[in-house]
Amino acid sequence: MRWIKRLLLVITTVFFATTITFLLIRMMPGDPVENMAISMVHDQGIDYESAYRSAKAMLNYDPDVPILTQYTKYLSGLMKGNLGQSLIYKRDVKQIIGEALPWTLFVLSISLLLSFFIGIFLGMYIAWKRTTILDPILSAYTAIVGSIPEFVIAFLLIVFFSVKLKWFPSRGAYSSSVKPGFNMPYFLDVLNHAVLPITAYVLGGIGRWALNMKANAVSVLGEDYIVSARARGLREKRIITRYVGRNAMLPLVTNLAISFGMIFGGSPLIERLFVYPGVGYYMSQSISSRDYILMQGIFLMITVTVVLANVVAEILYSILDPRIRMEG
Amino acid sequence: MAEKILQLKDISVEFNLRNGVLKAVDTASIDVYKGEILGIVGESGSGKSTLASTILNIVSPPGRISSGKILYKGKDILKMSAEELRHYRWQNVSMVFQAAQNSMNPVLKIKEQILETVAAHQDIPEKEVIDKARRLLEYVRLDAGQVLDSYPHQLSGGMKQRTIIAMSLLLDPDIIILDEPTTALDVITQAYIMDILKNIHEELGITMIFLSHDVSIVGKVADRIAVMYASNIVEIGTVDDIFYNSRHPYTRGLINAAPSLIDDVTKRRAIPGAPPNMMALPAGCRFSPRCSLCLEGHCRGSEQGKLTEVEQGHFTTCTKFERMEA
Amino acid sequence: MKSLKSFFNVIVRNKRACFGFIILVIFLLIAMIGTSIIPLPKETNYAERLQPPSLSHPLGTDYAGRDTLAQFVHGSKDVIILSFLTAIFTMVLAFIVGGISGAAGGKTDAILMFITNVILTVPSFPIMMVLSMLIKVTNPVTFALILSMWSWGGLARAIRSQILSFKRRDYIEASRILGLSLGHIVFKDMLPNMASYIAYHFIMIMKSAVTASVGLMVLGLAPFSSTHWGMMLNLAMGSTAALYGSSAIYYFLTPVIGIMLFQIGCLFFASGMDEAFNPRLRD
């Protein structure tokens, strides 16, 4: 019974979110037809009306159709799994997302996993060894790095490692000189291009996860069952993993699931900076060129994944924490 | 003369806090005899729990044992290696914490926690361990099948307490320390648990150290009682000594304050004054601000007591104990 | 007034809060006094573009030859006003939604929480990107509205659960039994307990407002002021290819360091306060 209720909630949330984004997007001033018409007038010297008509035909999009009709057309398309055609790229939105998503997922999941694991090790270590110089260092590091905007870090990385030291490339997912496919040079090249973006994300991420874990671990360490575990003569290693670790990590696992949901949206700023062809890049492109269809498609995908990630997070938590599992 | 199984000699525990050093236990010395039940009575903050935690050397940081020796069968546990200490814990001395506290890992089943406790010390096949666990759980009058497969939060307070008691017997220890085992439980469960503990003592002959703030509970089971106040042990004696012939005003105060079913409640007297500020203790006798002897002008209260023997086996730190009426 | 004094006492005693507080106060002073002392440079002087620091230009010049320090000072005013407004709007929205939801319960609660969930689900930065193109941003009030419109979700939920837990707390029961009015309960029982909570979140929202506004401006959206540090950063990153080398670095670093210090100030002040008011968080 609870499943049905949960499913209904998911569907309605997605539905409302989609509607809201549809409305917001359509309310933006300027539209691609107008943009195209204006540039046609400039380039070809024709009058505005004819340019407008041509643009409409070329883009296959009529902004004068009432919004309600546009909306229903959109929804019916969705039901068939059709996300529409991008106005500026002239390809199926599904296709564009399908190509962009793997890049974003590639870079961001590596970043997330790296930050997470390094972070929890660090946090745990600092909590366990009560007085270590690492504690204030971690706090200071997170405060400073957390206060510099992520894209500035990315920018500085590019300036330093790419331009000055020439160690890593500064744009793209792979070099044009390399042939994509299942071959080693391609993989290495892809990795090469991914190093700086991943570093940009990880530098900030480590601090946050570590601090979080440290806080949790410190509070778990103060619990009675830790003292009692020591009194029972359990080995340190066991106490660290099964007693402190498992209990301290519980809330973090749900954070991790939610973070996974968020990576589907990519980061528009950083991907733009690195000209990395991920979802964030296309999102920022679609916004600046008023490509509604593409925008909608991306927003929809992000919404669905975030909602799903939240559901997964809840389920995960109830599996991992027996106290919650029981309250059916 | 019974053998001394545990000896605490001049134990002090210090906590380094931001605004000073807190001495939770101040040069405490006491002997524990094999097979006896020793009760330690004191109000919250008197240091009794900290003292108990020194016996297993599990004082929680930032506290640490700053001086003294703890001899278990003649061997100083404070000088043991990490491995020796680890095996000493639970195999030689085990501890029963308060049930209200969560002394069990919330994400592991009772069965797993029992298995890992034994596995940390001895290499016994799983089946044997479970068999023994079942017997112990039944001994404490629990449904073994149900408890073993449960998580701690699924058990009631009384059930948790009994489970912890059963776990403390797992490795057949010589000594069990019980820290307020019945506080936070209702009276009926309290009596039930006390009954179980008495059985354990009679049938298994295990030495017990019983901590409580409730002197009447301790009086029901203990052979000897030590009284703590403001991190000092102020009196040690047999149950009769303490209850009928106490030689320290604080002990008298405690006993007079405890209500009884048969006595006239108007005869109850609370101890005047407030508990001491551990960061700003008076010089000399720490009980003097509240001591009836002192307040009536019979004592200047300026000497910090050392335990002196009044009669055989009966010690007190009060320097004016002769002044006390019998 | 007495509580204000004790509030300051707590802050002074906590090193972190003190440090953060001082930083923020310095920025406030720069914004208030600095803007009247140092005029906003209007004229361009391309001959002097991207100069390194000198006596007449302590932080150098920008891509159009204007004094960087002057722009930074005026920008601090923009930043503070914007963050402050955003914090106010966000908190008001969060309190209204969370408060009504928690107090009313039932259907109202369900509906409001559903809306909150939708707000929380759609990631806020993309929405803010769309909103800032939707609504022409010419002043800090509009911008603050945009920034707060999608950010109140988490706080609303937290406030709601605080209220729910308050409803059950003993001293509320006691007040109710004593017949004290709802007003008394809200203002004398609940609010003082929430004071530190409110202060903490207010400052943290200010911090994230800076992050979000800078992010949007670097994307070229919401250009409501040319001196807001986000805008300075946008111009520094965009129009100065010379960054890959020379003295343009000062023009770039100035807003960066400003942003950094401001956010650190917010962070330390807020977390120091939290530490001070919730002593169990201390080691």
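K111(B) is partly exposed, with 31% of relative accessible area. This residue of chain B belongs to a predicted model, and K111(B) pairs with D149(B) in a salt bridge whose N to O distance is 3.9 Å. Over all chains the structure holds 20 salt bridges.

**Salt bridges within chain B**

- The partner of K111(B) in the salt bridge is D149(B). K111(B) sits in helix α3 of chain B, while D149(B) sits in the loop between α5 (144–148) and α6 of chain B, and the two are 38 residues apart.
- D149(B) has a relative accessibility of 43% and therefore counts as partly exposed.
- Another salt bridge joins the side chains of D174(B) and K73(B), at 3.1 Å from N to O. D174(B) is in the loop between α6 (157–168) and β7 (175–179) of chain B, and K73(B) is in the loop between β4 (63–72) and β5 (75–76) of chain B, so this pair ties together parts that are 101 residues apart in sequence.
- D174(B) is partly exposed at 24% relative accessibility, and K73(B) is partly exposed as well, with a relative accessible area of 47%.
- D31(B) and K4(B) also form a salt bridge, in which the closest N and O atoms are 3.2 Å apart. D31(B) lies in strand β2 (residues 20–33) of chain B and K4(B) in strand β1 (residues 4–17) of chain B, so the pair ties together parts that are 27 residues apart in sequence.
- For K4(B), the relative accessible area is 37%, which means that K4(B) is partly exposed.
- In general, side chains of opposite charge can pair when their charged atoms come close.

**Interface of chain B and chain A**

- Chain B gives 28 residues to the contact and chain A gives 23 residues.
- About 2300 Å² of area is buried between chain B and chain A, and carbon and sulfur atoms give 57% of that area.
- Between chain B and chain A there are 2 salt bridges. In one salt bridge the side chains of R238(A) and E116(B) meet, at 2.5 Å from N to O.
- The rule also finds 11 residue pairs in polar contact across the interface of chain B and chain A, both residues being at pLDDT 80 or more.
- On the side of chain B that touches chain A, the elements that give two or more residues are α2 (82–91) and α3 (110–119) of chain B. The largest share of this side, 5 residues, comes from α3(B).
- By class, the side of chain B that touches chain A has 14 nonpolar, 10 polar and 4 charged residues.

**Interface of chain A and chain C**

- This contact takes 41 residues from chain A and 33 residues from chain C.
- The area buried between chain A and chain C is about 3300 Å², and carbon and sulfur atoms give 84% of it.
- The count of salt bridges between chain A and chain C is 0, and the rule finds 1 residue pair in polar contact across this interface, both residues being at pLDDT 80 or more.
- Several helices of chain A give two or more residues to the side that touches chain C, among them α1 (2–27), α7 (150–164) and α13 (292–320). The largest share of this side, 10 residues, comes from α1(A).
- The residues of the side of chain A that touches chain C divide into 30 nonpolar, 9 polar and 2 charged.

**Domains of chain A**

- The domain assignment gives chain A a domain 1 (32–81) and a domain 2 (97–327). The C-alpha centres of domain 1 and domain 2 of chain A lie 40 Å apart.
- In chain A, 5 residues of domain 1 are in contact with 5 residues of domain 2.
- The area buried between the two domains of chain A is about 440 Å², with carbon and sulfur atoms giving 63%.
- Across the interface of domain 1 and domain 2 of chain A, the rule finds 0 salt bridges and 0 residue pairs in polar contact, counting pairs with both residues at pLDDT 80 or more.
- The elements that give two or more residues to the side of domain 1 that touches domain 2 are α2 (32–44) and α4 (67–79) of chain A. The residues of this side divide into 4 nonpolar, 1 polar and no charged.

Note on methods
Residues numbered from 1 in each chain as written. Chains lettered and ligands numbered in written order. Predicted model: local features only at pLDDT ≥ 70, side-chain atom pairs only at ≥ 80, totals over all residues. Heavy atoms only, no water. Domains from an automatic or database assignment. Contact = heavy atoms within 4.5 Å. Buried area = accessible area lost by both parts, 1.4 Å probe. Salt bridge = Lys/Arg side-chain N within 4 Å of Asp/Glu carboxyl O. Polar contact = N/O pair within 3.5 Å; in protein donor to acceptor, adjacent residues only side chain to side chain. Helix = DSSP H or I, 4+ residues; strand = E, 2+ residues; numbered from the N terminus. Nonpolar A, V, L, I, M, F, W, Y, C, P; charged D, E, K, R; others polar. Buried < 20%, exposed > 50% of the residue type's maximum accessible area, 1.4 Å probe, protein only.
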